[in-house]
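Hi,

Here is the structure I promised to pass on to you. Have it open while you read the rest of this email.

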Amino acid sequence: MQDYLAGQMPDFKDIEYVRPSVEELTEYVKEVRLKLMTCKDPEQASDIILEYEKKQSAFDTAYALCNILHDVDTSNDFYSDELEFFDEAFATVSELSAAVLTSLLNCPCADQLKEKYGEMIFKKAVNQKETISKEIIDDLTTESSLENDYSQIQSEAEIEFKGETLNLSMLNPYLESTDRKVRREAHIALDKYYQDKKETFDKIYDDLVKVRTTAARKLGYNNFTELGYKRMERYDYTPEMVKSFRDDILKYIVPITEQIRNLQKDRLDLENLRYWDLPTLFKNGNPVPNVPGEGYERVAGNFFSEIFGTVPSFFDVLSEHGFTDLLARKNKSTGGYCMYLEDYAIPFIFMNGNGTADDVATIVHEGGHAYAAIKSAEVSPFVECLSPTLETCEIHSTAMEFLSYPYMNMFYGDKASQYCELHMTQALLFMPYGCMVDEFQHIVYDNPELTPEQRHEAWKELEKKYQPFNDYGDKMPFHEMGGAWMKKDHIFTTPFYYIDYCLAHICALQLWDESRKDMKSALSKYNLLCEAGGTDTFLNLITKAGLESPFDTGVIKKLAYSICSFLEL
Ligand code: ZN
């Protein structure tokens, strides 16, 4: 990317998608394994493994590209079909990659390679060996196709509202409308959409739980929770540590959220704060950006120039070359992400801006991911070690959201402080929700025999604990029976990926707390973390960057005080 800034950066539209050949890769991997297993010269072993890394990178790049091209236009059947190809190919290729890394572990010069490249790639090799094997390839394929079924249905959602047909992203602004009647109706319309889909989603999820459990047992685990933790590459924390983290959130954060909800009720002048009132924190509505959607790219580019002191910013360069797609439209997948194209060392930013306060936080969030990807592009010759595990990636993005506060006048003018107040409040409300999503998944996978109805029941119980203020009234039967978890795609598509956001929040908030006293020092810690990429494990990386472990007692409590003083609670 650095070189591209000098003028050789390709345009996104000129990057050609070519379907990779699994047969070729399979043959090649056989050769690589044979060579590695008999290789006695570390230099030669290095060459062999790094040559293989290039092939892996080419496959990853084609897969990422295919995802993006599909998501920017879901009506294009070509890429839907290609994604089906990847559904099948991905499991095979993961198994191939695990096989190569296993050969690396067993290579006669493994010790010299460890010396040269560090422990991390070897940790990953052991982990891959424990999470993938030939006998679960079919299960992985089934799993991935079920995940796609859920995503496809959601991307094709059509919700009739006020005479218009809306997709899920387009309904969002109505869910937080200042007009209570409008937001109530929008929530009821959403409830109806899910009520209609309930049976379908129950079946998909039930099948997912079964196939994941089957795969876990074939690999010798008791249940999918154990495999799930390995898949998420949790090298230095356990379900017990996560449980005690959730307990801290319950103890220190949930009471503050109840206080916030009471304040909100008074502020909105309501007798009862209903579920549809929750997104509206201010009487005159949540602050919206005073920049129109078409201006997001330009202003975001300026923001990143300001905070990092470079002109043009990486964001300017990305958008100039078509590596950003920020606005919602029909036939576009939902959600937002930053996808890294390894071969080009360029990230792509995808999101569905719709004029709400979320837009700016999402731009800044995905921008944080993109910045980190660029910063660590050359940190390791192993593609596996470029980016860290997901909770650490989410610090890159979440911290950027908090560090952006002093610059938010660029998007919000004189409403900037209101935006910051809203953003911090939402962060606070998010953490109990994130823990609830996590605890739900522990319940589901520790008890795979639960029926769909029992799962809804479990969610309902968790809501009482983590969101005691929820009041659905009598017009939202789907939510009332404990269905709200079905709105969360992570629960379907990336199991156990959610506590990561909460752990990341606690780390990112430490940077925010520091930035209030010393922005320069906070940014330098942030840069340390980004530059280290995936060369170490979560707790080691944050320690090196000078952050405290979110599992340490006292960290959450201390932050809770700072946040209360910031929000004047
Ligand atoms: Zn993220």
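This is a predicted model: local features need pLDDT of at least 70, side-chain atom pairs count only at pLDDT 80 or more; totals for chains, interfaces and linings use all residues.

**Around α10**

Two packed helices are described by the angle between their axes and the distance between the axes, and that is how I'll go through the pairs. Start with helix α10 (residues 239–267) and helix α16 (residues 416–446): their axes come within 8 Å and cross at roughly 135°.

On the α10 side are residues including Pro239, Phe245, Ile249, Ile253, Ile260 and Arg267. The α16 side has, among them, Glu421, Leu428, Met431, Cys435 and His442. By class, the contact of α10 with α16 comes to 13 nonpolar, 3 polar and 6 charged residues.

α10 also packs against α23, at an angle of about 20° and with the axes 10 Å apart. Angles under 35 degrees count as roughly parallel, so α10 is roughly parallel to α23. This crossing is right-handed. From α10, Phe245, Asp248, Ile249, Tyr252, Ile253 and Ile256 meet Ile556, Lys557, Ala560 and Cys564 of α23. Those residues divide into 8 nonpolar, no polar and 2 charged.

**α23 itself**

Helix α23 (residues 555–566) has 12 residues and spans 17 Å from first C-alpha to last, close to the 16 Å expected. Its buried residues are Val555, Ile556, Leu559, Ala560, Ser562, Ile563 and Cys564. An α-helix has 3.6 residues a turn, so residues three or four places apart point the same way. What covers the buried residues of α23 includes α10, α16 and α20 (499–517).

Most residues other than glycine have a negative phi. Glu568 lies in the segment after α23 and is exposed, with a relative accessible area of 72%.

**α13 and α14**

Another pair to look at is helix α13 (residues 358–375) with helix α14 (residues 390–403), packed at an angle of about 135° with axes 7 Å apart. α13 and α14 are therefore oblique to each other, and α13 passes α14 in a right-handed crossing. Residues of α13 in the contact include Ala361, His365, Gly368 and His369, and those of α14 include Cys393, His396, Ser397 and Met400. By class, the contact of α13 with α14 has 5 nonpolar, 6 polar and 2 charged residues.

Where does Ser57 sit, and what does it touch? Ser57 is in helix α2 (residues 42–71), and it counts as buried because its relative accessibility is 7%. Leaving out residues up to four places away in sequence, Ser57 touches Glu342, Asp343 and Val383.

Ala345 also has a positive phi, of about 55°, although it is not a glycine. Ala345 lies in the loop between β4 (337–341) and β5 (346–353) and is buried, with a relative accessible area of 16%.

Finally, most peptide bonds are trans, but a cis peptide bond joins Val311 and Pro312, with omega about -10°. Pro312 is in the loop between α11 (296–308) and α12 (314–320).

Cheers

Note on methods:
Residues are numbered from 1 along each chain as its sequence is written. Side-chain values use heavy atoms; hydrogens and water are left out. Axes are lines fitted to C-alpha atoms, for helices over the stretch in contact, and angles run from 0 to 180 degrees between N-to-C directions. Helices (H or I, at least four residues) and strands (E, at least two) are DSSP runs, numbered from the N terminus. Contact means heavy atoms within 4.5 Å. Ala, Val, Leu, Ile, Met, Phe, Trp, Tyr, Cys and Pro count as nonpolar, Asp, Glu, Lys and Arg as charged, and the others, Gly among them, as polar. Buried means under 20% relative accessible area, exposed over 50%, partly exposed in between (1.4 Å probe, protein chains only). The expected span of a helix is 1.5 Å times one less than its number of residues. Angles under 35 degrees count as roughly parallel, over 145 as roughly antiparallel, 65 to 115 as roughly perpendicular and the rest as oblique. A crossing is left-handed if the near helix is turned anticlockwise from the far one by less than a right angle, and right-handed if clockwise.
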